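Please examine the sequence and the model below. The paragraphs that follow lead the reader through two parts of the structure in turn.

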Amino acid sequence: MKKTPFVTLPQVQQITEQIPTPFHLYDEAGIRRNARALKDAFSWNPGFREYFAVKATPNPYILQILKEEGCGCDCASYTELLMAEAVGNSGHDVMFSSNVTPELDMRKAWEMGAYINLDDATHVEFLEKIAEGKMPETVCLRFNPGGSFSLGNTIMDMPRDAKYGMTEDQMAGAVNRLQKLGVKHFGIHAFLASNTTANDYYPELASQLFRLAVRLRNATGAHFAFINLSGGVGVDYRPEQPASNIAYIGEGVRKKYEEILKPQGMDDIAIFTELGRFMLAPYGHLVSKVLHQKHIYREYVGLDACAADLMRPAMYGAYHHITVLGKEDAILDHVYDVTGGLCENNDKFAIERSLPEIEIGDILVIHDTGAHGYSMGYNYNGKLRSAEVLLKEDGSFKLIRRAEKPSDYFATLDFTEFKFNG
Ligand SMILES: *Cc1c(COP(=O)(O)O)cnc(C)c1O
């Protein structure tokens, strides 16, 4: 589908009068609309809940909007737990899905009363030590089926190469030990394919996890309270790509639920999701200004944003659509490499991309940067992290994170032994 920005040039000009580019801009109306569509798609399941993957867009204002839409937080680290807590999430509002877990992090999750998702069988003992007799009532276990994960004839991913989760035997052993320690209810979690717009991913994953729940219940007698389908539902980064159809996905999971869990009397199981990308990616733009143009063996357009603001193209060769604001309907009769200014030749937002004629000072919108955008940012070349701006439902805007200043970049250094004029 044709990709249209959620802002116009005059709207962005109004923002840039106060907040210089580059910045990440988020669309509150879109975030809310999409969160409601997800909730609708799973409304057949009374216990359904989305735990937003905080790592995708760690900003309390975003978490607040999602909280108002009924979402909890999925955290993987101590600081993510702190942020979730700051927004008023407590107890079962929080899912703690981490791996290689430090003690500080595990302790914090336990203190908050979060659902703890154990990545490894040895984490049973680890949690037992921290809990000192006060084990949580409910514990989640992360599954790794090994082998390959396929939809029809298409291999989606290779769980056997992934560092996450435990084998089925380890899970059964963990359930037995946890029951002896007083744990009453269990969850099952797995994340087997990333960023897929194949609408059958969740239904297929659900069917595997539902069957696993039946086998584990039969083997251990344990009560399974929820199945966490985790993240992985993708978005249409490319205009020619289909978007995920969340209503179809929800219905597909419902059919598997009816087919597998209901006949087993296990239809009190809640469905949880931990989506990040699907919740936020399309509702974020990286807004950037053209600083420079050069004509050598190719045509280059240089922006004030760089890979430190959006790592995906440099890291994965990921496609992000680009719109030149004010030239939305112009013909795409020029071919450019659109770059940032890092001393790294992979700092290119687009390679040989057909775009309208671009001039210095034009404002470009890089699409679908609302998830895994700002959050994967870094400070290479001393580049400072950008601001984050929220476009509110009423059309006004709010600065929800200021841009870094040099003093932020230098904050962890002690210059007393040096001459520093910063
Ligand atoms: C990254 C991650 C997610 C979110 O993944 P998306 O692809 O952004 O939906 C959810 N759960 C876990 C454990 C993750 O690591």
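Does Lys 3 count as buried or exposed? In this predicted model, Lys 3 has a relative accessibility of 13%. Because buried means under 20% relative accessible area, Lys 3 counts as buried.

Lys 3 lies in the segment before helix H1 (9-16). Its side chain makes a polar contact with the side chain of Asp 368 (2.8 Å). The side chain of Lys 3 also reaches the backbone oxygen of Asp 236, at 2.7 Å. Leaving aside residues up to four places away in sequence, the residues that Lys 3 touches include Tyr 237, Arg 238, Pro 239, His 321, Thr 323 and His 367.

Within H7, the residues Met 171, Ala 172, Ala 174, Val 175 and Leu 178 are buried. Seen down the helix axis, the buried residues of H7 fall within an arc of 160°, and therefore they line one face of the helix. In an α-helix there are 3.6 residues a turn, so residues three or four places apart point the same way.

The buried residues of H7 pack against several elements, among them strand S5 (115-118), helix H6 (123-131), strand S6 (138-142) and helix H8 (201-220). Strands S9 (185-189) and S10 (223-228) also pack against these buried residues. On the face of H7 turned away from its buried side are the exposed residues Asp 169 and Lys 180. Just after H7, Gly 182 adopts a positive phi of about 100°.

Note on methods:
Residues numbered from 1 in each chain as written. Predicted model: local features only at pLDDT ≥ 70, side-chain atom pairs only at ≥ 80, totals over all residues. Heavy atoms only, no water. Buried < 20%, exposed > 50% of the residue type's maximum accessible area, 1.4 Å probe, protein only. Helix = DSSP H or I, 4+ residues; strand = E, 2+ residues; numbered from the N terminus. Arc of directions from axis to C-beta. Contact = heavy atoms within 4.5 Å. Polar contact = N/O pair within 3.5 Å; in protein donor to acceptor, adjacent residues only side chain to side chain.
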